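Please keep the sequence and the structure in view while reading.

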Amino acid sequence: MSSTKEKTVVTAADRPILKNKIYLYLTEFFAGMSVMAVELGASRLLAPYFSSSQIVWTIIIGTIMIAMALGNIYGGRKVDKNPNPDRLYGRIIFAAIWIALIPVAGKYIILGISGLLVFTINTNFLVIAAFAACMLIFVFPLFLLGTVTPSLCKYTMDSLDDSGKVVGMLNASNTIGSIIGTFVPTFISIPAVGTSITFLIFAGILLVLAIVYFAASKTFVKKVPIAMVLFILCCIFGHSGSFAFWQKHLTVEDESIYNYLQVKESDSEVILSTNVLFGVQSVYRKQKELTGMYYDYAMAAPYMADIYKKEKPLDVLILGMGTGTYATQCRRYFGEMYIEGVEIDQKITDLAHEYFELPEDVPVATYDGRAYLNALSSDRWKKDGEFGTEDGKYDIIMVDAYQDITIPFQMSTSEFFTMVRDHLRTDGVMVVNMNMRGIEAENPSGEARITDYLADTIASVFPEVVTVDVIGSTNRELFASMKSGMMDRFQQNKALEKDAELQKMMNTVADACTEYKAGDHIMTDDKAPVELLGMQVIDEMIRDEVRYYKQIYEEQGLEGLLNSL
């Protein structure tokens, strides 16, 4: 006589905690909140390495939606076959630990992927590397969280009579959680404690949710104590917010609402970077000398605005103040000037005062550059008295608004430059810092680049435009004016300069300045593909940077490459 051992089927009815639907709605709420928190955390984790452009956001949103869709399908099928809620809360534990591991291992994975791909692909590096990083780091935990909704539908639905109400409540709980999970990281946790701890906070919420379930069900599972130990270890080793972990002795490493911030200080200079892989944003020379960077070239603008023939000091507006290097140099070399700046990131302004000696009497508005121009003529600014000139116009407007590796699209269009023109005086000058002019050897076809699009757009607004390439960098400075004879005024005024160092610099600018011949690549508010144009130049820059090491790798293999490094 044979006997068969029947398998016990556990359902939601066997778990008293699930008889109270509030806990099920809380599960949906915290799952939705964690998904959005991870999505926003993903953008901050990737931004220092790949930028925070629309392209990177598209990759993040796309991969997360793929993960959630697959999780919905998998979760629905699994709960129909086996309605055991232990499995769902077990998956939540796995998701929590994976999310907690992201601040421990995520940056190493990103750099490992970047290091491998930079030697194997020639185009679309940012897209491919960011997509690979997203797939490897974020898809699995969000796939697991994607199984929550179909599983909870099974556990909460008593009959078809209330199915609509139940699904509606679950979706509402998920949506409300997602709303909170959107605002809390952006405005509270990331600025206050950083990206790494934000991941740990939301991983901890998911872990507590699952632990409460198993404790209330009086079900011991080995994964719970193991998960608790792993989470504690992640908190110990993953709480550091260092993205550039290979760099030592940083003066400041911090995060704001908008940026990753890094300040490095030496005996001779202070440097600000807002990302890890793509260069320097600001340099301050402690010896109070010229920087050798694009700020020096932009010093030509006061001469073009007839500084030595004006009856009163020049009025200068800087859109994209950063750490105020340009303002500091203008004050140092030209003396009395009214200078005001616009910087969207308050933390950068704070760093400017603390480490870069930005003069305290230079007002800086925490505002978007284009929105500031819109507000200049309003009564608010006139009543405040701190910002704006009497007529709302300036002798010089500097546009230096690069965000990460590209310019914000709203500050690259003909509509924007028309606004700038309207706030310039008759003989005023606009100077624009255009990064990523690219490498001529990488563009034999002469295909238009982002700097060509910007210059063509500006030339459609200003009748006189000249450009000059900054030696030893990818920057190009553009000067534009509504009044003809800009270069004549420049030559006449620079001849009056008594500072030998500055006059030498201006002679360099004069020799390299060329009149710009306008094309028809004009960007508008409706169409300004700055991210794609910028990505093309970045591919060229990466190819140029790794050409030497790629040749070693091809000739000597991995061992030769490691020896060369």
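## Packing of helix 1 and helix 3

In this predicted model, helix 1 (residues 21-50) and helix 3 (residues 85-117) have axes that come within 11 Å and cross at roughly 5°. Since angles under 35 degrees count as roughly parallel, helix 1 and helix 3 are therefore roughly parallel to each other.

On the side of helix 1, the contact is made by Tyr23, Leu24, Thr27, Val38, Leu45, Leu46, Tyr49 and Phe50, while helix 3 contributes Tyr89, Ile92, Ile99, Ile102, Gly106, Lys107, Ile110, Leu111 and Ser114.

## The chain as a whole

The protein chain contains 20 helices and 12 strands, and of its 565 residues 55% count as buried. The chain exposes about 25,600 Å², of which carbon and sulfur atoms supply 58%.

Among the contacts in the protein chain with a separation of 6 or more, 73% are accounted for by residues 24 or more positions apart.

## Strand 3 and its neighbours

Strand 3 (residues 269-273) is paired with strands on either side of it in the numbering: 4 bridges join strand 2 (residues 260-265) to strand 3 in an antiparallel arrangement, and 4 bridges join strand 3 to strand 4 (residues 282-285), again running antiparallel. Strand 2 and strand 3 form a hairpin, with 3 residues between them. At the level of individual residues, Val263 has Leu272 of strand 3 as its bridge partner, and Ile271 stands opposite Val283 in strand 4.

In a regular strand the side chains alternate between the two faces of the sheet. Here Glu269, Ile271 and Ser273 point one way from strand 3, whereas Val270 and Leu272 point the other way, and all are buried. Strand 3 is accordingly described as mostly covered, with 5 of its 5 residues buried.

How many of the 9 residues of helix 6 (residues 148-156) are buried? The number is 7, so helix 6 is largely enclosed by the rest of the structure. The buried residues of helix 6 are Val148, Pro150, Ser151, Leu152, Cys153, Tyr155 and Thr156.

These buried residues of helix 6 pack against helix 1, helix 2 (54-81), helix 3, helix 5 (139-145) and helix 7 (163-193).

Conventions
Residues are numbered from 1 along each chain as its sequence is written. This is a predicted model: local features need pLDDT of at least 70, side-chain atom pairs count only at pLDDT 80 or more; totals for chains, interfaces and linings use all residues. Side-chain values use heavy atoms; hydrogens and water are left out. Axes are lines fitted to C-alpha atoms, for helices over the stretch in contact, and angles run from 0 to 180 degrees between N-to-C directions. Helices (H or I, at least four residues) and strands (E, at least two) are DSSP runs, numbered from the N terminus. Angles under 35 degrees count as roughly parallel, over 145 as roughly antiparallel, 65 to 115 as roughly perpendicular and the rest as oblique. Contact means heavy atoms within 4.5 Å. Buried means under 20% relative accessible area, exposed over 50%, partly exposed in between (1.4 Å probe, protein chains only). Accessible areas come from the Shrake-Rupley method with a 1.4 Å probe; for residues, only the protein chains shown count as cover. Two strands pair if DSSP finds at least two bridges between them.
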